[in-house]
Amino acid sequence: MRLDEMLEFNEQFVAGKEYEQYTTDSIPNKRMVVFTCMESRLVELLPKALNIQNGDVKMLKNAGAIIRKPFDSIAKSILVAVYALKAEEVTVIGHHDCGMSRIDPDALTEEMIEKGIKEDVIQNLKSAGIDFHQEFHGFETVEESVMQSVNIIRNHPLLPDYVKVHGLVIDPATGKVDVVTRED
Ligand SMILES: [Zn+2]
């Protein structure tokens, strides 16, 4: 299991006091929340490309950097970062070649059944009001999707005026970012 490799590495890491170079506190130094995609190509590339060090930002991620409801877990995390952790800027970062732009909710459901989820479980969830299309659909263009997420945050009834919300798109090959929208 990969987990065993990680646990073994961790013992060495702690024993060697390698954590010392990362010491910081939980108030983000740049007073910023970054909300981006869970894309594995961005794990190291995004912070390096934007000069984000340990302790600099609150980093939130999900599949596609998508917020579609004002009270989902990402929106709540942003509010906590603003009110409890002094964040003053929120930057949504989508990326080119995002897997969420290609997600087909029907194919995903087929995949679930193939991997052993019983069809009646899915039927029951659907009857209980879980809309698989709504929950799992992706987006047409990443710029539109970033704009949609930014607008939900900007228009959030609980977001104070002084918080600036920006939208960027990053290239997962080069790390180059383009600004979709910014608030000054
Ligand atoms: Zn992605």
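Reply: Happy to! Let's begin with strand 4 and strand 5 (residues 177-181), which pair in the antiparallel sense over four bridges. Please keep in mind that this is a predicted model. To find one place in the pairing, look for glycine 167, which stands opposite threonine 181 in strand 5. Strand 4 and strand 5 form a hairpin with six residues between the strands. In this hairpin, glycine 175 takes a positive phi near 85°.

Now step back along the chain from strand 4. The loop between helix 7 (142-154) and strand 4 (164-170) holds histidine 156. Is histidine 156 buried or exposed? Histidine 156 has a relative accessible area of 6%, so it counts as buried, since the cut-off for buried is under 20%. Leaving aside residues up to four places away in sequence, histidine 156 touches Pro70, Phe71, Ala75 and Leu79.

Next, let's visit another pair of strands. Strand 1 (residues 32-37) and strand 2 (residues 57-62) run parallel and are joined by six bridges. On the way from strand 1 to strand 2, the chain passes through helix 2 (residues 42-49), making a β-α-β crossover that is right-handed. A handy place to look in this pairing is threonine 36, which stands opposite lysine 61 in strand 2.

The zinc ion has three protein donors, Cys37 (SG), His95 (NE2) and Cys98 (SG), at 2.0 to 2.2 Å from it. Along the sequence, these donor residues follow the spacing C-x57-H-x2-C. Cysteine 37 lies in strand 1 and histidine 95 in strand 3 (residues 89-95), so the pair ties together parts that are 58 residues apart in sequence. Both cysteine 37 and histidine 95 are buried.

Backbone angles are worth a look too. Most residues other than glycine have a negative phi. Lysine 17, in the loop between helix 1 (2-15) and strand 1, has a positive phi near 50°. Asparagine 51, in the loop between helix 2 and strand 2, has a positive phi of about 55°. Lysine 17 has a relative accessible area of 46%, so it is partly exposed. Asparagine 51 is partly exposed as well, because its relative accessibility is 48%.

Helix 4 (residues 105-114) has something to see at its start and just after it. At its start, a side-chain oxygen of aspartate 104 comes to within 2.9 Å of the backbone nitrogen of aspartate 106. Just after helix 4, glycine 116 takes a positive phi of about 110°.

Finally, let's look at the aromatic rings. The structure holds three aromatic pairs. One of them joins phenylalanine 13 and tyrosine 22, with ring centres 6.5 Å apart and planes at 20°, so this pair is stacked. Phenylalanine 13 is partly exposed at a relative accessible area of 22%, and tyrosine 22 is partly exposed at 41%. Ring pairs also bring in Phe9, linking Phe9, Phe13 and Tyr22 into a cluster.

Technical notes:
Residues are numbered from 1 along each chain as its sequence is written. This is a predicted model: local features need pLDDT of at least 70, side-chain atom pairs count only at pLDDT 80 or more; totals for chains, interfaces and linings use all residues. Side-chain values use heavy atoms; hydrogens and water are left out. Two strands pair if DSSP finds at least two bridges between them. Helices (H or I, at least four residues) and strands (E, at least two) are DSSP runs, numbered from the N terminus. A crossover is right-handed if, with the strands pointing away from the viewer, the path from the first strand over the helix to the second runs clockwise. A polar contact is a pair of N or O atoms within 3.5 Å; within protein, one must be able to donate a hydrogen and the other to accept it, and residues adjacent in sequence count only if both atoms are side-chain atoms. Buried means under 20% relative accessible area, exposed over 50%, partly exposed in between (1.4 Å probe, protein chains only). Contact means heavy atoms within 4.5 Å. Donors are N, O and S atoms within 2.8 Å of the metal (3.2 Å for Na, K and Ca); water is not among the atoms, so sites may look incomplete. Rings of Phe, Tyr and Trp (its six-membered ring) pair if their centres lie within 6.5 Å; planes under 30 degrees apart count as stacked, over 60 as edge-to-face and the rest as tilted.
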